[in-house]
Amino acid sequence: MATCSSGDYLVIPRNCHISVISALVLSGAVPKYIVPEYNSVWDIAGGVTPLQVEKALKELRKDGKKIAAVLVTSPTYHGICSDVQGIVDVCHPLCVPVIVDEAHGAHFKFHDSFPSTAIEQGADLAVQSTHKVLSSLTQSSMLHMSGGLVDADKVSQCLQLLQSSSPSYLLLSSLDAARAQLSENPRSFDGPVAMALETKEQLRIIPGVSVLDLSSFFSDFPAMDPLRITLSASDLHLSGYEADDILAEEHQIVSELVGTQAVTFAVNLGTRWEDVQNLVQSAKHLSEKYFSAKEYRFGKHNYVRSPLDKFTVKLTPREAFFTKKRRVRIEDSLGEICGELICPYPPGIPVLIPGEVVTQYSLSYLINVRDQGMAISGAADGELNSIMTHES
């Protein structure tokens, strides 16, 4: 809101967090989507590249559109980082500010093995969820600013508009405590980094278990958060949901994120060596129980088509949010204009955004993840038997 006025264009990745779409509804800004590279074997999206951003900016300028800002998610929930410096180099000559959703990268400043922070790479604004990997209380976060492209006074005004007039000093003190903890213990992440790297090496040699890394993508993404461990058991003929259920029920291992093909774990300041060793032993148990060399040699991967492409936008998120709507049965919603924000949670990435046309694939994807037990966020009908659509 500090960078965008109603009708301005905001360049964003299609796999942005649900909160970004909410901001579009509040500000009236119009999204210009960039579709990130997608790995259909893992059912995981990567980051965006400077070339994609440059292409989007050129298209908007050619059409005479006012470009307010570019927003990038880096790292993603799976830890994949975009080339923020390269994106800044594309945007700043045009006086376009770069905003980075760095929710999962609040720890990047505190160890040499971590990727560079967004601010270090020249971003104008970076939002960090200090509670995710660092040790502040849930709902506490930080907004960092740099440079002169964004008006600090306007940021302050927008914060006053959105925040409560009765701040939580408990949350504020927890932010200061997290800062003090890292200031007083500068080597705090030595242990977690060592644990994560060793665990990945041990997991990679387990038959039928795969570990996500940058080689899983064609694009030249510069870095990946070493504290994120994402496993696939598809060679064991297990979906991410099935593997997650087994790990939770039989081994009491709680994952950070589960998807159709993979399970993600987060190592942090509270992780112990016995915790990661339990993960390794449990993965070995899965391999011993489900791995067959013959099936592995001739088996086929399950490919999941990206839920982020092949979309058609008919209304802006704000127009679709405030328009008159009607509830239709999910089987009757094909071709209708979606009137609500529908996304599996976690990770909170929308499959359908207000103003987009409901497609057969988006419906199939949502029904599939719903039937496998993933919660659906944003929809008025959490069971997804019906959808709110534009009343034409």
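An open sheet of 6 strands runs in the order E2-E1-E5-E7-E8-E9, with mixed pairing (strands, E, are DSSP runs of at least two residues and helices, H or I, of at least four, numbered from the N terminus; two strands pair if DSSP finds at least two bridges between them). The model is a predicted one, in which local features need pLDDT of at least 70, side-chain atom pairs count only at pLDDT 80 or more, and totals for chains, interfaces and linings use all residues. Residues are numbered from 1 along each chain as its sequence is written, and side-chain values use heavy atoms, with hydrogens and water left out.

At the edges of this sheet sit E2 (30–34) and E9 (142–145), each pairing on one side only. Direction ignored, neighbouring strands are turned by 20 degrees against each other on average. E9 pairs with E8 (residues 125–128) in the antiparallel sense over 4 bridges, and Ala126 has His144 of E9 as its bridge partner. Helix H2 (residues 50–62) lies across E1 (9–13), E2 and E5 (67–73), running at about 140 degrees to E2 (axes are lines fitted to C-alpha atoms, for helices over the stretch in contact, and angles run from 0 to 180 degrees between N-to-C directions; contact means heavy atoms within 4.5 Å).

The other open sheet has 4 strands, ordered E10-E12-E14-E13, and its pairing is antiparallel. Here E10 (210–211) and E13 (257–258) are the edge strands. E10 and E12 pair over 2 bridges, with Val211 opposite Leu231 in E12. Helix H6 (residues 190–204) packs on the sheet, touching E10 and E12, and its direction makes about 15 degrees with that of E12.

Then there is the helix pair: H7 (residues 240–251) and H8 (residues 273–290) pack at about 115 degrees, with axes 11 Å apart. The H7 side of the contact is Ala243, Ile246, Leu247, Glu250 and His251, while H8 brings Asn278, Ser282, His285, Leu286, Lys289 and Tyr290.

H8 turns up again at the second largest pocket, where it gives the largest share of the lining, 5 residues. This pocket (on a 1 Å grid over the protein atoms alone, an open set of points where a 1.4 Å probe fits, with protein on both sides within 12 Å along at least five of seven lines; lining residues have an atom within 4 Å of a point) holds about 380 Å³ of space. Of its 19 lining residues, Ile253, Val254, Phe265, Ala266 and Asp275 are the closest to the centre.

Notes
Points joined across faces, edges and corners; volume = space filled by probe spheres on them.
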